[in-house]
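Take a look at the model below.

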Amino acid sequence: MEWQEFIRDTWQTSLVFVGLLVFTRILGKTQVGQLTFYEYVSGITIGSLAANIAAADANKVWNHYYDLVLFVALTYAVSLVTIKSRPLRKLIDGSPTIVIENGHIIEENMHNLRYDIDELNAHLRQQGVLDPAEVQYAILETTGDLSVIKKADNQPLTKSDFNIHLPDPSFPVELIMDGVIIERNLRRKNHSKDWLKKQLAERNISDISEVTYAGIDSKGQLFINRKTHSNYSNKSSEE
């Protein structure tokens, strides 16, 4: 590879990397498992357009980059419109569909979705249901996931059924991550560094760098995870 080609490939790939980093932040944080079919296809298209930039001739790079920016802008515009317009959101993303009601499979809805019994049974098993008769409602979401609401007789008992009331959990807060104190979170909990160091000392930890993670858990208790070192390499060498 000549130097000119090396430099060209480097800056084109870097352009794609930075562009995708920015565009994915703009488009949001929907997880892959929660994507609708439209979002899934859009993601594939964006990846394909980005690949075209990395492989394009030098005189075509900005043409392909414009295509990518335009597609991302259109995708972003559609996402804004669908947030404000429920009819358009239903048109693009579709609507959840009931496939089981009161223990009975609704074959017409399944036929319209091209959703077969084998898929339904597989999704039910993933929810811990072996018999459709146990289900009050099963709803196929726009993401392809199946939401299952069991009949009252098949639902597990909870503490409220026994009139047992516990305090609601609080949001956990990180205090140390990878040996670094998160001072902002300490202040949020009205604690100081001295308090934290005292808590560590009570657990025979003298250096904060020894801590992988420390935080206030959902019950308001301090949880500390100390760094550990694997002996795997030593055992391998001995063998």
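Buried here means under 20% relative accessible area, and exposed means over 50%. The model is predicted.

Start with α1, which runs over residues 3-27. Its 25 residues should span 36 Å at 1.5 Å a residue.

Now look at what α1 hides. Gln 12, Leu 15, Val 16, Gly 19 and Phe 23 are buried in this helix. Their cover includes α2 (37-55) and α3. An α-helix has 3.6 residues a turn, so residues three or four places apart point the same way.

What does the surface show? A nonpolar patch lies there, with about 830 Å² of accessible area together. Its members are Phe 17, Val 18, Leu 21, Val 22, Ile 26, Leu 27, Tyr 76, Leu 80 and Ile 83. Two elements give two or more residues each: α1 and α3 (61-84). The largest share, six residues, comes from α1.

Take Phe 17 as one of the patch residues. Phe 17 sits in helix α1. Is its side buried or exposed? Phe 17 has a relative accessible area of 57%, so it counts as exposed, because the cut-off for exposed is over 50%.

Finally, turn to the record. An unreviewed UniProt entry lists residues 12-28, 40-58 and 64-83 as "transmembrane region". In the model, residues 40-58 are 84% helix and 0% strand. The end C-alpha atoms of that span are 30 Å apart. Residues 64-83 are 100% helix and 0% strand, with end C-alpha atoms 29 Å apart.

Definitions and conventions
Residues numbered from 1 in each chain as written. Predicted model: local features only at pLDDT ≥ 70, side-chain atom pairs only at ≥ 80, totals over all residues. Heavy atoms only, no water. Patch = residues over 30% accessible without salt bridge, like charges linked within 9 Å, V, L, I, M, F, W, Y side chains within 5 Å. Areas by Shrake-Rupley, 256 points an atom, 1.4 Å probe, with all protein chains shown as cover. Salt bridge = Lys/Arg side-chain N within 4 Å of Asp/Glu carboxyl O. Helix = DSSP H or I, 4+ residues; strand = E, 2+ residues; numbered from the N terminus. Buried < 20%, exposed > 50% of the residue type's maximum accessible area, 1.4 Å probe, protein only. UniProt positions renumbered as here; feature names shortened; annotations may be inferred. Expected span 1.5 Å × (residues − 1). Contact = heavy atoms within 4.5 Å.
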